[in-house]
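Please keep the model in view while going through the numbered points.

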Amino acid sequence: MQLLRGYDADVRKNNGLRRVASEAAGLAGGYDSAAFDVSTQPGPRSMQSIAHRPPGVRSVHYRIVGSIVAGALFMESLDATVLATATTAMAADFHVRAPEMSVALTAYLLALALFIPASGHAADRWGGKNVFRAAIGLFIGASLCCALAPTLPVMALARFVQGIGGAMMVPVGRLVLLRTVSKQQLVAAWSWVLMPALIGQISGPPIGGFIVTYLHWRWIFWLNLPIGVAGIFLVGRFIPDLHDTARRPFDLAGFLLSGIALTAVLAGLESIGHGAPLRVGGISILAAIVFGALYVRYAARALHPILDLSLLRIPTFRLSFIGGSLTRITQGAHPFLLPLMMQLAFGLKASQSGLITLGTSLGALTMKGLAVPILRRLGFRVGLTVIGVLSACSYALCGLFRPGWPFALIFAVLVMSGFLMSFQFTAYNTIAYDEIEPARMSSANSFYSTFQQLTLTLGISTAAIVLHVSMAFTGGRTPGFSDFSAAFWTVTGISLCSLFANVRLDPNAGREMVGRAVRPDETPEV
């Protein structure tokens, strides 16, 4: 708390020039051809549309933009989850032990941690369309190198380059959506974007198992090529070129400090999650805390910090960040725990496990057309609170799965879980930008994307740590039902903590996004 008070004081002293520069950039023509249309009436919620097309740029339906961004997100999430099932086969080809293959996974995560914060600056400097298209090209080019890699060091290097592409591709894709879709259509557009990502996460393990069993692990990377080539064509064909013409210097010092902090925390979580000695992970976490504190102190004085912590002073962004982060820890653990429990505890084959866990994807697909009506009826505060409780209950039910349960009932629970999970993703990712000024949109997107990736990774590490601790108490060599129950219920408890942030949302927050009228009995909270 003392650190945050000190940061706030520094912001008040040093942020005046930044605010003037930001408003000048956004309101005095900082965006290409009046790229954003801000209402002349006062107040952050008077913004009628997040995006406004420049003259000569034709209208593009939000489903087209959403589907293009969703394709990139699907490719990235499928690649990550499929690869995890192929480590044994890859180790045999590279003549190394299976645990040594973790360097290929870690290299990708390292690149994400380093370069996601820089995605907003890149989009502002060279244009979201150009960076998005280049990022897809880099991702599939690195995928080609992965498919042809003769040794593990070459594979690790190619995965690092692929991670750079992923670090730019997904956040910039989100920014493209924010800049080209109207505020009123943003919830529906996010529904289109997030559903393929969930499908990629859940369907990755069975697809990977099929490829490894019947084809070859290198086909995992070949699959990215047609998806990526189609994406590059569609981006060039349909995405308008909107970018910030106000040139801001790149925050190199902030990039290095935040990169070291994020890399250290990811390294610590990965090592603890893989059962490394606690002191190894502890040293990394300690380094992350030190460099994180140095970055907080630096960012309070920087004119254009790479991760703008002053965004947390905006109520809807701060509450979405807190509630969404707690929820994503749980949602990151879910795709990790579920296939593992089906294969290790239930004894199912990867293909059988995949068919059951596809229930989550089906639930996410069902939600696609219902998010807007639900939010229009309930609002973001009530919707996230009610759905948050129901979602936590669905996580808790997964911890009760036993061989005596009919598979049809397990499938039904997973459908419900997928529906609720997808709703939360859509709502949090939308309400976060309700009060963000156009000139700060890229900074907000970089900040949100960075910590979204971090909390999803934290979810996997948390689940792995709980499994290890529970196994130590029970004395088991492999996780059993009681171990999985402990993991599911732990992350359920974390998810429930998001309710404290949800209930603090303004009752009318996000009403313009879903066309919801202000109710007379609802007054904004002070």
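1. A residue is called buried when its relative accessible area is under 20%, exposed when it is over 50%, and partly exposed in between. The model under review is a predicted one. Phe407 has a relative accessibility of 41%, so Phe407 counts as partly exposed. Phe346, in contrast, has a relative accessible area of 15% and is therefore buried.

2. These two residues meet. Phe346 and Phe407 form an aromatic pair with a centre-to-centre distance of 6.3 Å and an angle of 50° between the planes, and the pair is classed as tilted. Distant parts of the chain are linked in this way: Phe346 lies in the loop between α14 (315–345) and α15 (350–367), Phe407 lies in helix α17 (residues 407–431), and the two are 61 residues apart.

3. A further pair is formed by Phe401 and Trp405. Their ring centres are 5.2 Å apart and their planes stand at 70°, so this pair is edge-to-face. Phe401 is buried, with a relative accessible area of 0%, whereas Trp405 is partly exposed at 21%.

4. How many aromatic pairs does a search of the whole structure find? The search finds 15. Ring pairs also join Phe317, Phe321, Tyr433, Phe447, Tyr448 and Phe451 into a cluster. Another kind of ring contact involves a charge: the charged end of Arg237 sits over the ring of Phe238, 5.1 Å from the ring centre.

5. In soluble globular proteins, nonpolar side chains tend to be buried together. In this model, the largest nonpolar core contains 75 residues, and among those with the most contacts inside it are Phe132, Val187, Phe317 and Tyr433. Helix α8 (residues 152–180) supplies the largest share of this core, namely 9 residues. A second, separate core has 22 residues, including Leu348, Ile410, Leu467 and Phe488.

6. Val187 deserves a separate look. When neighbours within four places in sequence are left aside, Val187 is in contact with Ala371, Val372, Leu375, Phe380, Thr426, Thr430, Met513 and Val514.

7. Which backbone oxygen does the side chain of Thr385 reach? The side chain of Thr385 reaches the backbone oxygen of Arg381, at 2.7 Å. Thr385 is placed in helix α16 (residues 371–398). Not counting residues up to four places away in sequence, Thr385 touches Leu499, Asn502 and Val503.

Key
Residues numbered from 1 in each chain as written. Predicted model: local features only at pLDDT ≥ 70, side-chain atom pairs only at ≥ 80, totals over all residues. Heavy atoms only, no water. Core = buried A, V, L, I, M, F, W, Y, C linked by side-chain atoms within 4.5 Å. Buried < 20%, exposed > 50% of the residue type's maximum accessible area, 1.4 Å probe, protein only. Helix = DSSP H or I, 4+ residues; strand = E, 2+ residues; numbered from the N terminus. Contact = heavy atoms within 4.5 Å. Phe/Tyr/Trp six-rings, centres within 6.5 Å; stacked < 30°, edge-to-face > 60°. Lys NZ or Arg CZ within 6 Å of the ring centre and 35° of its normal. Polar contact = N/O pair within 3.5 Å; in protein donor to acceptor, adjacent residues only side chain to side chain.
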